[in-house]
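Q: I've got a new model open on my screen and I'd like to learn how to read its features. Can you walk me through a few?

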Amino acid sequence: MLTIGTLANIKHILQKELFDGSGERLLSVVTVTKTFKKKDKRACYLCVVTTAPPVPVVTLCLIKQSEQRESEYKRKRSWQLDEIKWVDGRNEQFETHEFDIQLEKLYKWYALNLHERQNFLAVLNRQIQKFVRGVRAEFRNVPIAWLSEKSPEKIAAGRAGPGNVTQKPTNTDDEEDEEEAQEFTALTDKEANELGKLFSECDFAIKDAEQFIEQLSRELHDLDGANMQSVLASEQKVLKMMEHIDNAITEADKFETRLDTYEDILGHVKETMEKIGGKNAMIEIANNNNIKLMKELNKVISQLDLPHSQQQALDDPDLKTAVGRKAAIAAAQCLQQAMNSDIDPSLLRLEAVQDQRKRFEKWKQKFSGTVSRFLNNLFIHLGNEIGDMPLTSTELTLPNHSNVHRELTPYTELMHWSKAMDRKTYDGLMRVYTASLSKIYDRDVRNFFNLAKMQVSDKLRSSREDLDMSTSSRKSAVSTIPYGTLGINRDQWGPGVDSADRVRFDALLEKVLAELEPIALQEQLFCINFFQMDVISPTTKNTQTTLEMEKDRGIEMSQSFNASTASPTSGTTEGAAVPQKRIDRQINEDVRKLMMGLFGCLEPELVSFIQSFERVDSFYSLYVLVRLTQHVMSAQDTHSFLSMTFASALVQVKRNFDRFMQQQLQSIKEAKLPKRSKAILPYVENFENFAQTAEGIFRKSDRRTDMEKWYLQLVNAIFEGISIHSQEHPKTPSQVVRMENYHHMYALLAQLKVPGLDALKKEAKARYNDALKAYVTQYFGRPLEKLNLFFEGVQQKVAQGVKETEISYQMAFSKQELRKVISQYPAREVKKGLENLYKKVDKHLCEEENLLQVVWHAMQEEFIAQYNYLEERIQKCYAGAMINLEFNIQDILNFFSDIARSH
């Protein structure tokens, strides 16, 4: 380990050799090596250097010793203090040699002397704190005491100095810099020992300095003489030694020349080896390339190779037998796999690949033509074979053509292959299949609906012309007013059907719809599987293969891109691939298009079947609306052809239903009373039968809300019609018309128990009560009219200020006058007047509503109320006069009871 003296000597040498010439001062130095070169013998020094005042610039320098001359030093690098990011001491223990400094990169150093390391870190920190402005370097894993004390080398030197002279406790920064800048040459250990020995032998030097100087001079003279004698004695040895040195230098020159020769030879060997190494690398690269090329070629050959047996199966396929058909399908699939091989695009330019592609294309075209002719003939044959079979069954069933499906199922794989490899052939076969089978289904569907129409009603079985009611003779024989019109009397309705016919039609309609579903769904599932309609073709080209040139593939990709961007997508957040919803929608559209070609007459026949009976009886539209809704809502696949057909027919039926209800509403508004009309208006009487029929149809249906909406409009229109037509009735008082019709509507609504009509039911009851009250008030009147007029005069006098107890003193209202008026209403006359009133009420009211007793009871209550009023007035104004009416309340009750029983 380097000592303090050695440190001072190095510092002095560096100051003298390097920094004196540039006017710089060396503040601290540490001898280091790089961490991974701890055994490197070449000296390397990190120095903290400052320039002279007044503006000192402190830098960090890296000094290296020259390799040729050990006494020569060179400055390799210099850094400003603000370039230091951080300093890491690795460990706070004193024995740690390593430390790191982060500059433009990380430097890892190993200090040979621990004292140098401690002093260097302390001085570097003090200079950074003093001269760096802004962000200062961070010192990590360095003892805090090192960063706060002055230079450790001064502390050590002070402790090692003679006499251990006490140092000042503190110095300013300027004084420390001056002390660090002093130049000195430290004594060696031997010199220090000799000097100590000299001082111990000459204790008298303190008392007599001159004697000490003389002694030193004598010894110095003796030493000089001894040195001279030693030099003269060793001159021969020196000459001999110089001769040996010259010989050594000569041998060294020879050895160096030989080394230069060896170095030239090694240089040539190196160049030769480098060339050999480059050739070996190229050979290895070429070998690897050949191996990879061989693998690619083997892969291409294995993918594009088609066995001879499969080539024969493609040239001359046997599609009639199961074995031949299996071999043809296997060969076709191998051809498809080969034409869609995963080959690098650059290999497609190979002439052999293109030749093989052309051969594949020939085999494909020949095989595709054979398949097309065979399946085309098969489709036509099956269609003609079934079409020639007569329809002898009279049962209402739709023929099942599962035998056709069984015949065609073995050729499913061939149809899938045609879709992928020859789209034109695929489309042509699909058209032939549609044309062949559509004739069969058209015949079956038309015959099926004809049978259904003839089975609905005995009145409508003769022919289709009868069902459509197209003959003019039938039109002239019936009324033009539809059956069941609310605003018209029943005797003016045209002929209709009874409830049994309606029930028969409803059951038959359910059977028709139930028969259509399995046949259509069976055909749809077969077409989806047979024609592979659940898979969308990724291209618009006739054949989809990977053995095409890059140019053609680029054009195809562009066309596919344009096609995909031309149609709207289901959302903007989906990826570049086609959205699944759009794919499903396209598949459903293709399936419906095919099924429409097969069952083109289904929807027109279904609509014609429905409309033919709606023209006979509009109530059929209610049954059809409910049945079609059930089948549409219960469909598992709402996008299937049959579901869409039923939905389309349902839209038409809903329009017919709304039209029928609108006609009913309009008939109420336009109703006119006949000359001989009853108190119950026609639309009120007809609404009962209409509502009961509708409730029987819609009671548990999902379309009940539609009916309830029309209920509200119809009932409101009936209420308005009652108010208007009650004024126009020729015989019956308007109060009676309103009372009886509102009572009829209230009873009907209470019987229907429709939740949506509760408010109208309450309104009907309120209107009925108002009409009853108005009738009683007008026709019952005041049977004791003169008594009522008498007491009205009494009431006027009371209002003028006359006391009730003094009324009897008025001349016109005396007790005698009151008795005279009372005498005019004996009990016999009162009962007679009530009997006449009962006859009039009985004449006004109709028997159907049975309201006579209700009205008679209301009049009884009104008479009792008037009687109580008169008795109260008599008791208040004529108290103690012993004046009373000739009958009491019990007599009134007996009068009303006797009259009601007598009639």
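Predicted model: local features only at pLDDT ≥ 70, side-chain atom pairs only at ≥ 80, totals over all residues.

Q: What can side chains of opposite charge do when their charged atoms come close?

A: They can pair. Take D100 here: it forms a salt bridge with R90, with the closest N and O atoms 2.8 Å apart. D100 sits in strand β6 (residues 98-102) and R90 in the loop between β5 (86-88) and β6, so the pair ties together parts 10 residues apart in sequence.

Q: Are D100 and R90 buried or partly exposed?

A: Buried means under 20% relative accessible area. D100 has 4%, so call that one buried; R90, with 34%, is partly exposed.

Q: Which salt bridge does R704 make, and with what N to O distance?

A: The side chain of R704 meets that of E695, at 2.9 Å. R704 counts as buried at 15% relative accessibility, and E695 does too, at 3%. As for networks, salt bridges with shared partners join R90, D100 and K108 into one.

Q: At what angle do helices α13 and α14 pack?

A: Angles from 65 to 115 degrees count as roughly perpendicular and those over 145 as roughly antiparallel. Helix α13 (residues 412-421) and helix α14 (residues 423-454) pack at about 130 degrees, their axes 6 Å apart, so they are oblique to each other. At the contact, M415, S418, K419 and M421 of α13 meet R423, Y426 and L429 of α14.

Q: Which residues form the nonpolar patch on the surface?

A: Look for F255, L259, Y262, I265, V269, M273 and I276, with about 680 Å² of accessible area together. F255 lies in helix α8 (residues 235-304) and counts as exposed at 52% relative accessibility.

How values were computed. Residues numbered from 1 in each chain as written. Heavy atoms only, no water. Patch = residues over 30% accessible without salt bridge, like charges linked within 9 Å, V, L, I, M, F, W, Y side chains within 5 Å. Areas by Shrake-Rupley, 256 points an atom, 1.4 Å probe, with all protein chains shown as cover. Salt bridge = Lys/Arg side-chain N within 4 Å of Asp/Glu carboxyl O. Helix = DSSP H or I, 4+ residues; strand = E, 2+ residues; numbered from the N terminus. Buried < 20%, exposed > 50% of the residue type's maximum accessible area, 1.4 Å probe, protein only. Axes fitted to C-alpha atoms, helices over the stretch in contact; angles between N-to-C directions. Parallel < 35°, antiparallel > 145°, perpendicular 65-115°, else oblique. Contact = heavy atoms within 4.5 Å.
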